[in-house]
Amino acid sequence: MQNGPLVERDLKVLWHPCTQMYDHLTLPLIPVRRAHGIWLEDFEGRRYIDAISSWWVNIFGHSHPAINEALRQQIGNLEHVLLAGFTHEPVIALSETLVSLTPEGLTRCFFADNGSSAVEIALKMSLHYFRNLGAPQKARFITLAHSYHGETVGALSVSDVALYKKTYEPLLFPTLVAPSPDRTLCPPGLSLSEHTAQALAGMRGLLERHHETVCAVIIEPLVQCAGGMRMHEPAYLTGLRALCDEFQVHLIADEIAVGFGRTGTLFACEQAAISPDFLLLGKGLTGGYLPLSVCLTTDQVYAAFFAEYSAGKAFLHSHSYTGNALACAAARATLDLFAQNDPITTNRLLASAMASAMAPLQDHPHVASLRQTGMIAALDLVADKAKGEPYPAAERRGLSVYRYGLEHEALLRPLGDTLYLMPPYVIQASEIAQLVEVLAAGIDHATQ
Ligand SMILES: *Cc1c(COP(=O)(O)O)cnc(C)c1O
């Protein structure tokens, strides 16, 4: 069997996500025949290291025996049942585990089936909380510059990535935008802690002016991922939690991308020792197997909805596949692997292997802002390093690195000219070295 016939059939009937389909007149589309561990294999026997964990969802590698087995067990008993009026053991056990693992105070789990839906749930719950408390004027959200929270209309409204957002402005609700504490935006001559304090001052200014009409601040803790792998100091989160308390607005921590060990701790919020009012999890929750997401919240939020039906305070939100039993079984198996194998410690070693392998790229004449948080390492391609001048976007240099990677056993799909590694936790140091070699050669190739 060859790739060609499948690609031909695909291109007649499919429309792929986040893709200008015209590109596939020349860009190879890769049909994957099977996957194991960090490796994807196509129909012609070519292999690719999944350096970006299949869009950040995969944690313990593809086709993991323990998750496979958990799914086999579950499918023999129950595939799915509605979660209104009914329940099942996998969703109960998973919720118990999530409540015990997540930061203090998060005691209630509301499930959905993708990250964007979890964001919508948090936005609606926060606004609804203040309505139930008799403060309907608190109905706006503050987000950070360069943040990304998904593609549905509400999630896109609280995002700030022009490429995904601009076209749909007429559909979106207005949001207040605070400055990003992104370390790469730290001006020369300013220390990181001063830069962090400035970003917090910007947030304080917005809250001072608008807190009476704001219900929540939403943030991607430690790493703004889709907005370009922009990393900030834990101190920003500590400061933000204090501001949200001071001005009586909710803090929504969107850990859909950074949760489950990605940043060096199980949850990014732990590094600032804070508890948000809403914690959103998705992506890695099922180890990359099945779509599942969850919005965790507090007793205090839950209590504002708990009343006689006639009070009209219920949260009447649902998705057909809420709490799907197969997805919950995969999630439980994934969390069991955390309990059994201590990947947080393993990741510390892998992260330092990644740091040493990437370090030489710092000196590359077209590489800027080499950065890392835990198991995410990123850099930007630049035309002029001294001036920090980017390449014209139309040159699509990042895409050229991607093409080079495909020819050299690596799936390195970039974010524009931001290249990054975000591999499954089962990668070995030697495989990291192999990836970085391809990345470096790809950068040479794309910038010559
Ligand atoms: C991916 C992502 C989402 C959206 O999740 P989907 O499952 O793609 O809808 C939301 N927030 C963050 C931080 C993400 O990275």
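Reader: Let me start from the cut-off: buried means under 20% relative accessible area, and exposed means over 50%. On that scale, is Phe338 buried or exposed?

Author: Keep in mind that this is a predicted model. In it, Phe338 has a relative accessible area of 10%, so this residue is buried.

Reader: Thanks! How many aromatic pairs does the structure hold?

Author: There are 11 aromatic pairs. In one of them, the ring centres of Phe60 and Phe338 are 5.1 Å apart and the planes meet at 65°, so this pair is edge-to-face. It links distant parts of the chain: Phe60 is in the loop between helix H2 (53-56) and helix H3 (65-75), while Phe338 belongs to helix H11 (residues 325-341), 278 residues apart.

Reader: And Phe60 itself, buried or exposed?

Author: Phe60 has 7% relative accessibility, so it counts as buried. Phe338 also pairs with Phe260: those centres are 6.2 Å apart with the planes at 45°, so that pair is tilted. Here too distant parts of the chain are linked, with Phe260 in the loop between strand S10 (250-254) and strand S11 (278-281) and Phe338 in H11, 78 residues apart. Both Phe260 and Phe338 are buried.

Reader: Nice. Which residues form one aromatic cluster?

Author: Phe60, Phe260, Phe267, Phe338 and Tyr425 do.

Reader: What about charges, which residue has its charged end over the ring of Tyr302?

Author: That is Arg108, with its charged end 3.7 Å from the centre of the Tyr302 ring. There is also Arg47, which lies over the face of Trp39, 3.6 Å from the ring centre.

Reader: Switching to helices. Which residues are buried in H3?

Author: Ile67, Ala70, Leu71 and Gln74 are buried in H3. Looking down the helix axis, the buried residues of H3 fall within an arc of 100°, so they line one face of the helix. The face turned away from that buried side carries Pro65, Arg72 and Gln73, which are exposed.

Reader: What do the buried residues of H3 pack against?

Author: They pack against helix H4 (89-101) and H11.

Reader: On to the inside. In the largest nonpolar core, which residues touch the most other members?

Author: That core has 110 residues, and Leu98, Met203, Met229 and Phe260 touch the most other members. H11 gives the largest share of this core, nine residues. Domain 1 (3-63 + 345-447) and domain 2 (68-341) both contribute residues, so the core lies between them.

Reader: Can we zoom in on one member? Which residues does Leu98 touch, not counting those up to four places away in sequence?

Author: On that count, Leu98 touches Cys109, Phe111, Phe260, Leu281, Leu285, Val294, Leu296 and Leu335.

Reader: New topic, then. Where is His364 found?

Author: His364 sits in the loop between helix H12 (343-358) and strand S13 (367-373). With 12% relative accessibility, His364 falls under the 20% cut-off, so it counts as buried.

Reader: Which residues is His364 in contact with, leaving aside neighbours within four places in sequence?

Author: Lys385, Ile443, Asp444 and Thr447. His364 and Ile443 are 79 residues apart in sequence, and their C-alpha atoms are 9.0 Å apart in space.

Technical notes
Residues are numbered from 1 along each chain as its sequence is written. This is a predicted model: local features need pLDDT of at least 70, side-chain atom pairs count only at pLDDT 80 or more; totals for chains, interfaces and linings use all residues. Side-chain values use heavy atoms; hydrogens and water are left out. Rings of Phe, Tyr and Trp (its six-membered ring) pair if their centres lie within 6.5 Å; planes under 30 degrees apart count as stacked, over 60 as edge-to-face and the rest as tilted. Helices (H or I, at least four residues) and strands (E, at least two) are DSSP runs, numbered from the N terminus. Buried means under 20% relative accessible area, exposed over 50%, partly exposed in between (1.4 Å probe, protein chains only). A charge sits over a ring if NZ of Lys or CZ of Arg is within 6 Å of the ring centre and within 35 degrees of the ring normal. The arc is that of the directions from the helix axis to the C-beta atoms. Contact means heavy atoms within 4.5 Å. A nonpolar core is a set of buried Ala, Val, Leu, Ile, Met, Phe, Trp, Tyr and Cys residues joined through side-chain atoms within 4.5 Å. Domain bounds come from an automatic or database domain assignment.
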